[in-house]
Every structure is written in structure tokens, then in C-alpha cells.
Amino acid sequence: MHARRCHRVMRAHLIGDDCSHACRGAHDGGSRCDACVTRALEVLVDQHGGPWGQIGVSVAVWALYLWLLSRARGSQRMALLACLAYATAGELFLSLVWGLYRYRLDNVPLFVPPGHALLFVLGTLIAALIG
């Protein structure tokens with residue numbers, strides 16, 4: 001039920017519809033809980049799956065990102081693309097060039113930049129719910 005409600009809210013928000021009907025009853029934290037559980041599963045698969053786990057998580061995150069991008073309109077699409085570009089540049093510079101931090105397999109996992117864009121979407125959804 002929570003996943004279906006989260007999907008309605010996300011779809012309404014991304015395509016620019018009035019999401020008041022989709023958001024009704026979504027204030028119970030279910031959507032945010034689903035996102036947290038999904039993120040926790042991604043981390044577990046990445047940590048314990050080795051390089052294949054990282055590839056699996058990358059495919060799943062990119063598929064979700066591309067699905068959201070295909071349904072976004074106008075300024076939402078540009079915001080998703082800008083967030084991806086900014087996150088990619090930031091990850092490459094801060095971890096590989098500047099050496100501020102490093103990842104477990106000494107790479108920038110392919111799921112990290114689109115993951116930042118998905119967190120951006122989650123933030124805009126939460127802002128719409130509470131705003």
C-alpha cells in the first residue's frame with residue numbers, strides 16, 4: 001500500500017499534476033520508510049555482493065533514474081539532469097582527484113551519481129508533502 005501511494009505522489013509530482021489527491025493519506029511516513037528500506041538494501045547488496053553486488057545495485061538505480069527521467073517534464077527533467085551532472089562531477093573530483101574520501105573498491109560506484117538525483121527527487125516529494 002505504501003509503495004503504491006509513493007508511486008502516485010512521485011508520478012503526480014514529476015509530471016506536474018496537482019498532487020493533493022495523490023498525497024492524501026501519505027503523511028504517515030510510509031513513502032519515506034520505503035525509501036529508507038530501499039537505501040538500506042542497496043548498501044547491504046553493495047557491501048556483501050562484491051563487484052557483482054555493485055553492478056546489480058547500479059543497474060537497479062540507473063533503471064529507476066531513467067524511468068523517472070522519462071516521466072519528468074520541463075523543469076523537473078532539467079533539474080534531474082543537472083543534479084546528475086553536478087553529482088558526477090562532485091564525486092569524481094572530491095573522491096578521485098582531491099582524495100577527500102574513497103570508496104571500498106577504489107572507484108566511484110556507478111549507482112552513486114543517479115542515487116544523488118533520486119535523493120533530490122525524494123527531497124522534493126517530502127517538501128511538497130509538508131509544504
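**Stop 1: the whole chain**

Start with everything shown: of the 131 residues in the protein chain, 34% count as buried. Buried means under 20% relative accessible area, exposed means over 50%, and partly exposed is in between, using a 1.4 Å probe and protein chains only. Residues are numbered from 1 along each chain as its sequence is written, and side-chain values use heavy atoms, with hydrogens and water left out. This is a predicted model, where local features need pLDDT of at least 70, side-chain atom pairs count only at pLDDT 80 or more, and totals for chains, interfaces and linings use all residues.

Switch to cartoon view and you'll find 6 helices and 0 strands. Helices here are DSSP runs (H or I, at least four residues), strands are E runs of at least two, and both are numbered from the N terminus.

**Stop 2: colour by confidence**

Now colour by pLDDT, the predictor's confidence in each residue, from 0 to 100. The chain's mean is 78, and 67% of its residues reach 70 or more. Which element has the lowest mean pLDDT, and which the highest? Helix α2 (residues 20–23) has the lowest at 42, while α5 has the highest at 96. Select residues 1–31 as well: pLDDT stays under 50 there.

**Stop 3: along α5**

Select residues 74–97, which is α5. This helix has 24 residues and reaches 33 Å from its first C-alpha to its last, close to the 34 Å expected at 1.5 Å a residue. That expected span is 1.5 Å times one less than the number of residues.

Next, show the buried residues of α5: Leu80, Cys83, Leu84, Ala87, Glu91 and Ser95. An α-helix has 3.6 residues a turn, so residues three or four places apart point the same way. What do the buried residues of α5 pack against? They pack against α4 and α6.

**Stop 4: the nonpolar core**

A nonpolar core is a set of buried Ala, Val, Leu, Ile, Met, Phe, Trp, Tyr and Cys residues joined through side-chain atoms within 4.5 Å. The largest one here has 16 residues, and Val61, Tyr65, Leu80, Phe111, Ala117, Leu118 and Val121 touch the most other members. The elements giving two or more residues to this core are α4 (50–71), α5 (74–97) and α6 (112–130).

While you're at α4, pick out Ser58, which lies in that helix. Ser58 is buried, with a relative accessible area of 7%. Leaving aside neighbours within four places in sequence, Ser58 is in contact (heavy atoms within 4.5 Å) with Leu110 and Phe111.

**Stop 5: rings and charges**

Show the aromatic side chains: the structure holds 3 aromatic pairs. Rings of Phe, Tyr and Trp (its six-membered ring) pair if their centres lie within 6.5 Å; planes under 30 degrees apart count as stacked, over 60 as edge-to-face and the rest as tilted. Phe93 and Trp98 have ring centres 6.0 Å apart and planes at 40 degrees, so this pair is tilted. Tyr101 and Tyr103 have centres 5.7 Å apart and planes at 85 degrees, so they are edge-to-face. Tyr101 is partly exposed at 29% relative accessibility, and Tyr103 is partly exposed at 21%.

Select Arg102 and Asp106 to see their side chains meet in a salt bridge (2.4 Å, N to O). Both residues, Arg102 and Asp106, are exposed.

Key: Salt bridge = Lys/Arg side-chain N within 4 Å of Asp/Glu carboxyl O.
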